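Work through the exercises below with the structure open. Each task is followed by a solution in steps.

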Amino acid sequence: MVRLAIIGGTGVYDFDMHVMEKITFEEIETPYGRVKFKIVEHGGRSVAFIPRHGAQHSIVPNKINYRANIWAIKKMGAESIISTSAVGSTRLFIRPGDFLIPHQFLDFTKSRESTFFDSPERGVVHVDLTNPYCSRMNLMLVQVAEDLGFKCHDRGTYVCTEGPRFETTAEIEMFGNLGGDVVGMTNVPEVVLAREAEICYSTICLVTNFGAGTSLTNLTHKEVVDTMKANMHNVRNFILAAMERIEFLPECPCRNSLAEYGGFKL
Ligand code: HPA
């Protein structure tokens with residue numbers, strides 16, 4: 001039984017880690033399209049792995065089929081999602097190579113389908129996002145990072161931009177002034193849809209760069225990918241340790257987010 005799904009972000013396209021005992025390829029049909037993923041087995045646990053940008057990083061952030069991915073994860077019966085996200089930093093003390101586990105987000109996306117409830121048949125749902133990320137899983141991830149000796153900021157506000165372009169200097173300054181600590185392009189609507197689907201969701205952010213205009217050179221995608229590659233070993237160990245440590249709690253508030261609507265139905 002698959003209880004945990006990993007959504008791999010930039011640089012995390014594959015999960016054929018030598019430690020995996022078994023890997024199978026599967027597909028799930030959803031109302032939003034078909035989703036291909038891997039099931040990996042490790043330490044007696046089966047985990048689904050979905051590379052968010054496709055296996056070859058061919059899907060831009062604003063074109064990712066977020067609803068199909070989360071629906072498929074719900075359909076396979078998973079209760080928790082851990083994703084990875086490459087992010088830029090708006091703060092000098094949050095440096096490339098650091099990890100950060102966000103507890104809040106600011107949504108600057110523009111044109112994304114961000115709800116499962118947009119048809120008369122499914123009705124209208126206003127999901128509560130006071131605490132958008134799973135606080136319980138966040139705590140576990142921070143503890144894992146500490147045990148592994150990683151530099152990890154235990155909270156922070158993730159600014160989600162529409163992309164695929166990087167930001168202007170003025171935008172990075174504004175995001176910092178608004179309380180944003182890191183900037184990425186994918187957590188929204190992923191985290192929102194997970195909450196609608198009553199799945200615990202947390203993300204491991206790896207800081208790949210300082211935000212545009214805060215370093216001496218202009219930002220490139222290569223810089224992002226190179227920092228990710230240089231830290232891949234740590235990202236992999238982080239995920240493996242989290243896979244072993246995770247506990248599934250049906251009573252977690254994330255798992256009952258639509259209680260007032262009678263729960264989420266596929
Ligand atoms: N901005 C937006 N998304 C990103 C960045 C950034 O600086 N780095 C990695 N993903």
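**Exercise 1.** Find which atoms of A86, E167 and N209 lie at what distance from a nitrogen atom of the ligand.

Solution. 
Step 1. Start with the backbone: in this predicted model, a backbone N or O atom of A86 lies 3.2 Å from a nitrogen atom of the ligand.
Step 2. Turn to the side chains. E167 places a polar side-chain atom 2.8 Å from a ligand nitrogen atom, and for N209 the corresponding distance is 2.7 Å.
Step 3. Apply the cut-off: a polar contact is a pair of N or O atoms within 3.5 Å. The distance of 3.2 Å for A86, that of 2.8 Å for E167 and that of 2.7 Å for N209 can each be checked against it.

**Exercise 2.** Determine what percentage of the ligand's accessible area the protein covers, and which elements give two or more residues to the shell around it.

Solution. 
Step 1. On its own, the ligand has 260 Å² of accessible area, and the protein covers 95% of it.
Step 2. Strand 5 (80-89), strand 10 (182-184) and strand 11 (200-210) each give two or more residues to the shell. The largest share, 3 residues, comes from strand 5.
Step 3. List the shell by residue: A86, V87, G88, F166, E167, V183, G184, M185, T208, N209, L219 and V224.
Step 4. Sort these by class: 7 are nonpolar, 4 polar and 1 charged.

**Exercise 3.** Describe the aromatic pairs that F264 forms with W71 and with F117.

Solution. 
Step 1. The whole structure holds 11 aromatic pairs. One of them joins W71 and F264, with 5.9 Å between centres and 75 degrees between planes. Planes over 60 degrees apart count as edge-to-face, so this pair is edge-to-face.
Step 2. Check burial, for which the limit is under 20% relative accessible area. W71 has 7% and is buried; F264 has 10% and is buried as well.
Step 3. F264 also pairs edge-to-face with F117, at 6.0 Å centre to centre and 90 degrees between the planes. F117 sits in the loop between strand 7 (104-108) and helix 2 (135-148), 147 residues from F264. F117 is buried too.
Step 4. R122 lies over the face of F117, 4.9 Å from the ring centre.

Technical notes
Residues numbered from 1 in each chain as written. Predicted model: local features only at pLDDT ≥ 70, side-chain atom pairs only at ≥ 80, totals over all residues. Heavy atoms only, no water. Near = heavy atom within 4 Å. Polar contact = N/O pair within 3.5 Å; in protein donor to acceptor, adjacent residues only side chain to side chain. Areas by Shrake-Rupley, 256 points an atom, 1.4 Å probe, with all protein chains shown as cover. Helix = DSSP H or I, 4+ residues; strand = E, 2+ residues; numbered from the N terminus. Nonpolar A, V, L, I, M, F, W, Y, C, P; charged D, E, K, R; others polar. Phe/Tyr/Trp six-rings, centres within 6.5 Å; stacked < 30°, edge-to-face > 60°. Buried < 20%, exposed > 50% of the residue type's maximum accessible area, 1.4 Å probe, protein only. Lys NZ or Arg CZ within 6 Å of the ring centre and 35° of its normal.
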